[in-house]
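Open the model in your viewer and keep the selection tool at hand. The stops below each say what to select and what is there.

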Amino acid sequence: MVLAYCRTGTRSATLWALSQADKLSVSEIERTTAKAGYDLEAVVRRIANAGKAPLDVVEAEHTVLIVGGGAAGIAVASSLRARDPSLDVAIIDPADVHYYQPGWTLVGAGIFDAADTARTMASRVPRGVRWLKAAVVAFEPDSHAVVLEGCRRVRYQRLVVCPGIKVDWHGVEGLVETLGRNGVTSNYRFDLAPYMAELVKALRGGKALFTQPPMPIKCAGAPQKAMYLSCDTWRRNGTLHNTQVQFFSAGAVLFGVRLRAGTDGVCGSVRH
Ligand SMILES: Cc1cc2nc3c(=O)[nH]c(=O)nc-3n(C[C@H](O)[C@H](O)[C@H](O)COP(=O)(O)OP(=O)(O)OC[C@H]3O[C@@H](n4cnc5c(N)ncnc54)[C@H](O)[C@@H]3O)c2cc1C
């Protein structure tokens, strides 16, 4: 017995399909995977050929190929198309949802609703730009191609790579187990920012710790903004004087300017 796991299930479904290639008909395999929610049209040729089809089949080719439909990918695609509306541009991204991440600071401050920071990816892809809904699993720069989940290959003339930063929550021991409860939260996640707002609203004094990890991080200002906005809430509801606020930064400087030893922050002590 083999247990396969992958992020979306597509690679596991593909693996299963290829393992059944000499036992079941292609339509039986397709029916079974479709029932489980996976469209394996892209690998039908390989299944039909019992997994022996060559990997160098090119499914699509675009003049400009952009990996990642986040703020960067969408902005690059819009900018290129604005300058040349005839340019053949495609974005590859498996996500259904595009997030406006800077808004999470304001969600944590109780100013924005989390839902207002999320839009369907389809509605953000600029008109005329093709969206390939898949994850890139490998780069083949020598042949000007990327490989997608399901072994599809897409060729390009120019490649723009912007898959964002993956936050390493496991980098802090014990963090994953306690995030989202016990008064521990982060504005770096869509689902956790509302909990930040909840905690700030409920606090009636005590100790509030804000932390900033070492670079590279998504937004160098976000940890400080969380602290300033929280302090503003506590100032306005009259609890700031009861609250000891501390900011712990893994960096040696704040905003690229070296602090003088012993300098106090706006709301409390700044510690390194
Ligand atoms: C709380 C917070 C506050 C912030 N505040 C500000 C601010 O005030 N000002 C500011 O300028 N910036 C701010 N930022 C930073 C800003 O949001 C990011 O810099 C920006 O979102 C980065 O855009 P990106 O496209 O590089 O990455 P992302 O927006 O993270 O998008 C990456 C995309 O790539 C896709 N992807 C990942 N892997 C693959 C793959 N293998 N194949 C295909 N696609 C893939 C993902 O699905 C995603 O859609 C903030 C960020 C946070 C979290």
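The model is predicted. His144 sits in the loop that runs between strand E6 (136-140) and strand E7 (145-148). Look at the backbone here: phi of His144 is near 50°, a positive value in a residue other than glycine. Most residues other than glycine have a negative phi.

Next, select Asn182, in the loop between helix H7 (175-178) and helix H8 (193-202). Here too phi is positive, near 55°, and Asn182 is not glycine. Is Asn182 buried or exposed? Asn182 counts as exposed, because its relative accessibility is 61% and the cut-off for exposed is over 50%.

Stay with the backbone and select Met215 and Pro216. The peptide bond that joins Met215 and Pro216 is cis, with omega about 0°. Most peptide bonds are trans. Pro216 belongs to the loop between strand E9 (206-212) and helix H9 (222-236).

Now turn to side chains. How many salt bridges does a search of the whole structure find? The search finds six.

Select Glu140 and Arg153. Their salt bridge has its closest N and O atoms 2.6 Å apart. Glu140 lies in strand E6 and Arg153 in strand E8 (residues 153-161), so this pair ties together parts that are 13 residues apart in sequence. Glu140 is partly exposed at 27% relative accessibility, whereas Arg153 is buried at 8%.

Select Arg189 and Asp191. Their side chains meet in a salt bridge, 2.8 Å from N to O. Arg189 is partly exposed, with a relative accessible area of 28%, and Asp191 is also partly exposed, at 48%.

Select Asp232 and Arg236, both in helix H9 and four residues apart, about one turn of the helix. In their salt bridge the closest N and O atoms are 3.1 Å apart. Asp232 counts as partly exposed at 24% relative accessibility, while Arg236 is exposed at 60%.

For the last stop, select Tyr100, Ile111 and Phe112 and show the surface. Together Tyr100, Ile111 and Phe112 make a nonpolar surface patch of about 310 Å². Phe112 is in the loop between helix H5 (103-108) and strand E4 (118-120), and is partly exposed, with a relative accessible area of 32%.

Definitions and conventions: Residues numbered from 1 in each chain as written. Predicted model: local features only at pLDDT ≥ 70, side-chain atom pairs only at ≥ 80, totals over all residues. Heavy atoms only, no water. Helix = DSSP H or I, 4+ residues; strand = E, 2+ residues; numbered from the N terminus. Buried < 20%, exposed > 50% of the residue type's maximum accessible area, 1.4 Å probe, protein only. Patch = residues over 30% accessible without salt bridge, like charges linked within 9 Å, V, L, I, M, F, W, Y side chains within 5 Å. Areas by Shrake-Rupley, 256 points an atom, 1.4 Å probe, with all protein chains shown as cover. Salt bridge = Lys/Arg side-chain N within 4 Å of Asp/Glu carboxyl O.
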